[in-house]
Amino acid sequence: MTQATDNPAPAGKQMLSERVYDRLRSDVLHGMFAPGAALKPQELAQRQGVSLAVVRETLVRMVGDGLAVRLPNRGFATPALSDRRWQQITEARLTVEPEMLRLAIERGDLEWETRVRAAHHRLARTPQFDPDHDEYYSDAWAEAHRGFHRALLEGCGNPILLETFDRLWTASELARRLATHRSADRSASDEHSDLERAALARDPAATAALVRHLSRTTAALSPRD
């Protein structure tokens with residue numbers, strides 16, 4: 001009897017899709033495409049040496065992650081600064097995250113406090129910008145930033161709410177990067193320090209500080225006179 005063997009093709013296709021996605025995601029997040037720029041499948045396929053099918057699959061995934069938009073009869077593009085979705089995502093975050101923080105302050109134990117302090121220490125000690133790319137913040141800082149915000153909210157003890165946070169965080173990553181160079185007078189480090197201090201002091205005002213913090217990113221993307 002002949003023993004069945006696994007077909008390596010699906011795994012290889014998945015690895016190719018991940019590679020194409022990672023490259024395009026990095027290009028969008030690092031400003032290689034201007035806000036509102038067209039993402040042309042044929043050009044992207046030629047550039048990366050892959051099929052149109054792989055590129056289209058990648059672009060659909062990018063739409064789901066908030067890194068691209070699908071235009072009726074016009075293909076794909078990066079989100080514009082004025083994209084209404086940024087306001088919608090912020091509205092969702094302002095509805096969910098302050099309540100999660102309130103629960104974390106109420107329920108968080110010593111382990112939660114320790115994680116928050118460690119996450120804030122890592123964020124404060126991670127350079128915000130790469131030396132060669134000072135317009136958008138570094139990937140290392142982006143991960144430390146996510147880790148701090150998630151640590152703040154993990155004390156809520158509700159995995160469903162945390163899954164919601166994860167989805168909204170991914171969807172708003174590009175907005176944070178786009179807002180960086182439009183908020184030169186903003187001190188994110190001070191805002192994070194205020195959040196850590198208020199949360200660990202079990203101060204109810206921490207939720208108001210979080211609301212201000214989240215709102216400032218979207219405000220930076222608002223049209224200017």
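Two strands count as paired here if DSSP finds at least two bridges between them. By that rule, β2 and strand β3 (residues 75-77) pair in the antiparallel sense, over three bridges. Strands and helices are DSSP runs numbered from the N terminus, with helices being H or I runs of at least four residues and strands being E runs of at least two. What you have above is a predicted model, so local features need pLDDT of at least 70 and side-chain atom pairs count only at pLDDT 80 or more, while totals for chains, interfaces and linings use all residues. Residues are numbered from 1 along each chain as its sequence is written, and side-chain values use heavy atoms, with hydrogens and water left out.

**The overall picture**

- The protein has ten helices and five strands.
- Its C-alpha atoms fill a box of roughly 65 × 60 × 35 Å, taken along the principal axes.
- Of the 225 residues, 43% count as buried; the cut-offs are under 20% relative accessible area for buried, over 50% for exposed and in between for partly exposed, using a 1.4 Å probe and protein chains only.
- Take the contacts (heavy atoms within 4.5 Å) between residues at least 6 apart in sequence: 70% of them join residues at least 24 apart.

- Three strands make an open sheet in the order β1-β3-β2, with antiparallel pairing.
- β1 (38-39) and β2 (69-71) sit at the edges with a single partner strand each, so one side of each has no neighbour in the sheet.
- As a reminder, strands of a sheet pair through backbone hydrogen bonds, either parallel or antiparallel.

**α5 against α6**

- Helix α5 (residues 110-125) packs with helix α6 (residues 139-154) at an angle of about 160 degrees, and their axes are 8 Å apart. Axes are lines fitted to C-alpha atoms, for helices over the stretch in contact, and angles run from 0 to 180 degrees between N-to-C directions.
- That angle makes α5 roughly antiparallel to α6; the labels are roughly parallel under 35 degrees, roughly antiparallel over 145, roughly perpendicular from 65 to 115, and oblique for the rest.
- On the α5 side, the contact is made by Trp112, Arg115, Val116, Ala119, His120, Arg122 and Leu123. The α6 residues include Trp141, His145, Phe148 and Leu152.
- By class, this contact has nine nonpolar, three polar and four charged residues. Ala, Val, Leu, Ile, Met, Phe, Trp, Tyr, Cys and Pro count as nonpolar, Asp, Glu, Lys and Arg as charged, and the others, Gly among them, as polar.

**α9 and its two partners**

- α5 also packs with helix α9 (residues 188-200), at about 170 degrees and with the axes 11 Å apart. That makes α5 roughly antiparallel to α9.
- Trp112, Glu113, Val116, Arg117, His120 and Leu123 of α5 meet His192, Ser193, Glu196, Ala199 and Leu200 of α9. These residues divide into five nonpolar, three polar and three charged.
- α9 packs with helix α10 (residues 205-220) at about 160 degrees, with the axes 9 Å apart, which makes α9 roughly antiparallel to α10.
- Glu191, His192, Leu195, Ala198 and Ala199 of α9 touch Ala206, Ala209, Leu210, His213 and Arg216 of α10.

**Residues to click on**

- Histidine 145, in helix α6, is buried, with a relative accessible area of 6%. Leaving aside neighbours within four places in sequence, histidine 145 is in contact with Leu123, Trp169, Arg176, His192 and His213.
- Arginine 202 lies in the loop between α9 and α10 and is partly exposed, at 28% relative accessible area. The phi of arginine 202 is near 60 degrees, a positive value in a residue other than glycine. Most residues other than glycine have a negative phi.
- Arginine 216 is in helix α10 and partly exposed, at 39% relative accessible area. Not counting residues up to four places away in sequence, arginine 216 touches Arg186 and Glu191.
- The C-alpha atoms of arginine 216 and alanine 171 are separated by 17 Å, and the two are 45 residues apart along the chain.
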